[in-house]
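Here is a short briefing on one protein chain. Keep the sequence and the 3D view open as you read.

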Amino acid sequence: MNDTVVISLWGMAAFYLLLLIPIALFARWQLGLTRSIVTAVLRMTLQLAVVGIYLQTLFDFQNPLLNLAWLTIMAGVAGVSICQRAELPLKRVLPAVLTGQAVALVVVLPMLLVMAIQLSPWWQAQYLIPVAGMLLGNCLAANVLALERWHSSLKSRLNEYQYYLSLGAPQPAQPFVKEAIKTALAPQLASMTTLGIVSLPGMMTGQILGGTEPLLAVKYQLVIMVAIFLAAVFSVATTLSLVNKYAFNRYGQLII
């Protein structure tokens, strides 16, 4: 299973024509989704085509500094997106989020590529960029969940927080941090519990379709899942620790 079946452009175009069926059905049912479907498909196609071109460029250069620059851009965009989705101020939260992303990548990425996959050199763009993208994507989702829960819990249960504060608790916001971490990691734990039974992961399926032996694809999937979980834990723990430290004034009042 080493030969990859090439998808021709004509074949893709013919397959795209199947989209005319839901477009026709939605128009008949007057759902008002026709424009959304066309826009979504065009954007997806254009975005992934651009991604393919710049990834090919990075693979051709194989320059560690270029790879580092691209990783920095990816982490920065992910950080801004996390703050915007969690509806928290960039100025106060972004430094903590970026630190969390950086800690996750610095700890997990080299260990995964050096120890588990045993790449030499470990910074090859072909492996570094896609794996970093998977880690950052999952860190993004986990951090959004964590920050949303942490902030909404503090706002809705402010009396409880003030009660802990009045008792002189050294870390009155700690219960809210614990709750936020549990919320952020719940999807990761549920995904790992049901993987292989309820669903087959996209990366493993893609590798098998690309000609990789199933057992090798499973090995890759296992180390990636562990790496994703570790990255989520490190990034969420770091982000919440820092945000929790700078989100209150000297009197313990929430200022974000």
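How much of residues 125-147 is helix, and how far apart are the end C-alpha atoms? The model is predicted. In it, residues 125-147 are 100% helix and 0% strand. The end C-alpha atoms of that span lie 31 Å apart.

**Annotated spans**
- An unreviewed UniProt entry lists residues 125-147 and 189-210 among its "transmembrane region" entries.
- The same label covers residues 6-28, 40-59, 65-83, 95-119 and 222-243 in that entry.
- Residues 189-210 are 64% helix and 0% strand. Their end C-alpha atoms are 28 Å apart.

**Helix α8**
- Helix α8 covers residues 174-194, which is 21 residues. At 1.5 Å a residue it should span 30 Å, and its end C-alpha atoms are 30 Å apart, so the two agree.
- α8 bends by about 35° at L185. A proline, P187, follows within four residues.
- Buried residues in α8 include F176, V177, A180, A184, L185 and Q188.
- An α-helix has 3.6 residues a turn, so residues three or four places apart point the same way.
- The buried residues of α8 pack against α6 (125-156), α7 (158-166) and α10 (214-246).
- G196 follows α8 and has a positive phi, near 90°.

**Cysteines**
- The whole structure holds zero disulfides.
- C83 is in no disulfide; its nearest cysteine sulfur belongs to C139, 14 Å away. A disulfide needs the two sulfur atoms within 2.5 Å.
- C139 is likewise in no disulfide, with the sulfur of C83 nearest at 14 Å.
- C83 has 1% relative accessibility, so it counts as buried. C139 is buried too, with a relative accessible area of 1%.

Terms used. Residues are numbered from 1 along each chain as its sequence is written. This is a predicted model: local features need pLDDT of at least 70, side-chain atom pairs count only at pLDDT 80 or more; totals for chains, interfaces and linings use all residues. Side-chain values use heavy atoms; hydrogens and water are left out. UniProt positions are given in the numbering used here, feature names are shortened, and annotations may be inferred rather than shown by experiment. Helices (H or I, at least four residues) and strands (E, at least two) are DSSP runs, numbered from the N terminus. Buried means under 20% relative accessible area, exposed over 50%, partly exposed in between (1.4 Å probe, protein chains only). The expected span of a helix is 1.5 Å times one less than its number of residues. The bend at a residue is the angle between axes fitted to the seven residues ending there and the seven starting there. Contact means heavy atoms within 4.5 Å.
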